[in-house]
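This report walks through a structure for a reader who is meeting it for the first time. The sequence and the structure come first, and the description follows.

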Amino acid sequence: MSDGELVRLALAGGPTAYEELVRRWAGRVLALCHARVRSAHLAEDLAQESLLRAYRALGTLAEPEKFGSWLRGIAVRACLDWLKSRQATMVAFTSLGESARAEDVLDGEAAPDATLEHDDEIQQLLHAVDSLPPELREVVMLYYYNDLTYHDLAGMLGIAPATVNARLTRARALLRSRLSRRSRDDYR
Amino acid sequence: MNCAEAESLIAEALAGELGEADRAALEEHLAECQSCRQTQVEWQEDDRQLREGFAPWRGASATVAARTIRQLHREQVNSRPATKRKPFAWLPFIVGLSAGFLIALALWRPWAELPMANLPPQAPPNRAPDAPTPQTVLASVIGDVQILPKDTAQWTSVQSGEEVPLGCAIRTQSDGLVEFTCPTGEKARVGTDSQVRINDADEFELVRGQVWAVGCPDRELCVVTDSGTVSTNGGTVNVKQQETGTTVTAATGNAMVRLVSGDESLAQGEELTFSRDKVIHRDRAYSLALITAWMNPLMALKSPDDPELNAHVDALLSHLGASKMSLLSDNELRALGPSCTVPLSRYIRSDEALHDTERRRHAAKLLADLAPISLAGDMVDLLSDDDGEVRAQAAACLKRLTGQDMDCTIDEWRTAPADIRQQAVDQWRTWWQANSFRCQPVPKATAAAEKSTI
C-alpha cells in the first residue's frame with residue numbers, strides 16, 4: 001500500500017494505518033533529525049515528536065502522496081524548535097565567536113554515541129560526517145541509516161535522483177579529503 | 001569521460017544505481033586512470049566503514065517506531081484524526097439555526113419584555129480553584145542527581161522532597177541514587193550512572209543503567225527499554241541495561257517482557273536477559289536481596305520499622321551462615337549500616353533463630369560491629385543468652401559503645417559459669433536503667449539537619 005493510501009486510510013479511521021506509516025518512516029525521520037542535531041539520543045526524541053506532530057496534523061496534508069516530504073518539513077521544524085530552545089538557555093553567543101550558530105554549539109557533542117562502539121578510523125569518519133555541510137550531511141545520514149534507493153531519497157528530499165547522486169558524490173569526496181588531511185597532520 | 005564524471009559514476013555504482021551503459025563507460029575510464037581507480041578503492045573502504053559505523057544507530061529506528069506507536073495508543077490512536085471539512089458543510093446548520101431564531105422571535109416577541117437594565121446582575125458562578133496538577137515526588141535523593149523537564153534543554157540538580165512533572169527525565173551520576181513516587185502511587189528507584197524518563201505515572205523509560213519499579217495493584221506498569229518493554233500488573237521489577245543485554249527480574253508478582261520476537265512471561269523470582277530481538281538467558285534469580293543490593297543506601301534512609309527494610313534484611317539474613325552467599329550477604333548487611341540492626345536484633349531473639357546457631361552467631365557478630373547506642377538495652381539482654389558466642393559479641397558491642405566492660409573479659413563472657421558472670425550482668429542492667437534516657441534513637445531528619453549544620 002502506498003503512503004498516500006495509508007494516509008487516506010488513517011484519515012478514514014483505519015486503526016493501524018498510521019502505525020504502518022510510523023514503521024515505514026521512523027528510520028528516515030530519525031536520520032534526518034540526527035543530521036540536524038548531531039546527537040543520536042536526541043534524534044530519537046525528536047523523531048518521535050515529529051511523527052506524533054504529523055499524526056495530529058494529518059488532516060491538513062493536502063496531497064497524501066507527498067507524505068514523505070511533508071513529514072520531513074515537520075521534522076525540520078521540530079529540530080529547529082529544539083535548537084532555538086537550546087539557544088535561549090545558552091550563554092551569549094558572543095563568547096563563541098562571530099560566526100556561532102545554535103548548531104555549532106553542538107560541535108562539542110558531535111558523535112558522542114560513537115565513542116564506545118567504534119574503532120578510531122570509523123570514529124574519525126563519523127566525525128567527518130558531522131562536519132559536512134548540512135545538505136550533504138543530511139543525504140549521507142538518510143542514505144546510511146536506511147539503505148534507501150536514490151528514488152526514495154529524492155522523494156523525501158524533494159530533489160531529483162541525479163541531485164541525490166551529486167550530493168553523495170560531493171560528500172564522499174569531502175570525507176576522503178578530510179580524512180587524508182587528518183592522516184597527514186597526525187603523521188607530522 | 002573526465003574524472004569528475006567518473007567520480008559521479010563511482011558514487012552511483014557504490015549505491016547500486018549504475019546502469020549497464022554507464023558501467024561499461026566507467027570501466028573503460030578506470031582501465032586508463034590510476035587516480036580514479038585509487039578513488040574507487042578509497043570510497044569503497046569509506047562506504048564499508050560508514051555502513052559499519054551506522055549499524056548501532058540503524059537499530060534505533062524500531063525503537064522510535066515502538067515508542068511512537070505506544071504514545072499514539074495513549075493518545076487514543078483509534079480515534080479519528082482531524083479530517084478535512086468539506087466546503088460549505090456548515091451551511092445547512094446555519095440555515096436551520098436562522099429558521100429557529102426567526103420562529104422564536106415570532107412566538108415570544110422579546111421586544112415586549114422588561115428592559116435589560118432592570119434585571120438583577122448575574123452573580124458569577126462559584127468555581128472551585130483549579131486543583132494543582134499532581135506531581136511526582138523525589139522521596140530520596142543521594143549524591144548527584146539531575147532532572148530535565150520535557151521540552152527544555154537544561155539539566156538541573158535536585159534534592160530530596162522536590163516535585164517534578166511527568167514527562168521529565170532523571171539522571172544519576174556515579175554517586176547518585178534516587179527514589180521517586182508518582183501521583184497515582186507507582187514508584188521507582190534509579191541506580192547510579194542511570195537515566196530514566198517518567199513518560200507517565202504508569203510508564204518509565206529506562207534510557208540507561210538500572211531501575212527498580214513498583215506497580216500499584218490492578219494497574220499495569222511498564223518499563224520501556226530500547227530492546228523491549230517490561231510490564232507488570234501490581235508487581236515489582238528490576239530492569240538493568242548492560243552491554244551484554246537487558247536483564248529483567250520479576251521481584252514480586254509476575255511480569256511480561258515484550259520483544260520483537262514475541263512475548264516472554266516471567267513468574268515471581270525469575271529473570272530474563274535479552275537483546276534487541278532475542279532472549280539470551282532465562283533462569284530463576286538466585287537472590288533478590290543481592291540483585292537489589294545497589295538500593296541499600298536508599299534503604300538505609302528508611303525507618304527501622306519499615307516493612308520493606310525488614311523484609312530486605314530478612315532476605316539477606318537467610319543467606320548468612322553456611323550458604324555460599326554468606327560473605328556477599330554479610331557485606332550487603334554491613335553496607336546497610338545501623339539500619340539493619342533492629343531487624344537483626346529482632347531475629348536473634350526470635351524462635352526461628354534458636355534452631356540456627358551459625359546464623360544467629362553471625363547476626364550477633366554484625367550487631368557487635370554495627371549496633372548503635374539505642375540498642376544497648378538489647379545487648380544487655382543478650383548478656384544472659386545461653387550461647388556463649390552471642391554473649392561475647394554482645395559484650396564486645398557494649399565495650400565499643402561505652403568503653404566499659406564491668407570487669408568481665410570477652411573470654412569470660414564466652415566460657416565462664418553463670419555465677420561468675422552474674423555480677424557483671426547486674427552492673428550492666430544498673431547502668432542501662434541509669435542511662436537509657438540518653439540512648440534513644442535520633443530521628444533521621446533531625447540527624448541529617450544536625451549533620452548539615454556542622
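Buried area is the accessible area, taken with a 1.4 Å probe, that two parts lose on being put together, summed over both. Between chain B and chain A this area is about 4,600 Å², and carbon and sulfur atoms give 60% of it. The model is a predicted one, in which local features need pLDDT of at least 70 and side-chain atom pairs count only at pLDDT 80 or more, while totals for chains, interfaces and linings use all residues. Residues are numbered from 1 along each chain as its sequence is written, chains are lettered from A and ligands numbered from 1 in the order in which they are written, and side-chain values use heavy atoms, with hydrogens and water left out.

**The two chains**

Helices (H or I, at least four residues) and strands (E, at least two) are DSSP runs, numbered from the N terminus. By this rule chain A has 9 helices and 0 strands, whereas chain B has 17 helices and 18 strands. A residue is called buried under 20% relative accessible area, exposed over 50%, and partly exposed in between, with a 1.4 Å probe and protein chains only. Of the 188 residues in chain A, 53% are buried, and of the 454 residues in chain B, 43% are buried. If contact means heavy atoms within 4.5 Å, then 59% of the contacts in chain A between residues at least 6 apart in sequence join residues at least 24 apart. For chain B, residues 24 or more positions apart account for 49% of the contacts with a separation of 6 or more.

**The cores**

A nonpolar core is a set of buried Ala, Val, Leu, Ile, Met, Phe, Trp, Tyr and Cys residues joined through side-chain atoms within 4.5 Å. The largest such core has 73 residues, and A:Y18 and A:F67 touch the most other members. Helix α2 (residues 17–37) of chain A gives the most to this core, with 13 residues. When neighbours within four places in sequence are left aside, the contacts of A:F67 include A:Y18, A:L21 and A:W25, as well as A:L58 and A:L61. Another core, of 47 residues, lies apart from it, with B:L333, B:L336, B:M406 and B:C439 among its members.

**Where the chains meet**

The contact between the chains takes 51 residues from chain A and 44 residues from chain B. On the chain B side, B:L50, B:F54 and B:W57 supply 15% of the area that chain B buries against chain A, more than any other three residues. A salt bridge is a side-chain nitrogen of Lys or Arg within 4 Å of a carboxyl oxygen of Asp or Glu, and there are 6 salt bridges between chain B and chain A. The elements that give two or more residues to the side of chain B that touches chain A are α1 (3–14), α3 (34–58) and α4 (60–74) of chain B, and α3(B) gives the most, with 13 residues.

Helix α3 of chain B is also the place of B:Q49. B:Q49 is buried, with a relative accessible area of 6%, and, not counting residues up to four places away in sequence, B:Q49 touches A:E121, A:I122 and A:L125.

**Salt bridges**

Over all chains, the whole structure holds 39 salt bridges. Four of them are set out here.

| Pair | Closest N and O atoms |
|---|---|
| A:R172 and B:D47 | 3.7 Å |
| B:E42 and A:R176 | 4.0 Å |
| B:R70 and B:E203 | 2.2 Å |

B:E42 lies in helix α3 of chain B and A:R176 in helix α9 (residues 161–187) of chain A, so the pair joins two chains. B:R70 lies in helix α4 of chain B and B:E203 in strand β9 (residues 203–208) of chain B, so this pair ties together parts that are 133 residues apart in sequence. B:R70 is partly exposed at 26% relative accessibility, whereas B:E203 is buried, with a relative accessible area of 3%. B:E220 is partly exposed at 37% relative accessibility, and B:R258 is partly exposed with a relative accessible area of 34%. Beyond these pairs, a network of salt bridges links A:E44, A:D45, B:R67, B:R197 and B:E205.
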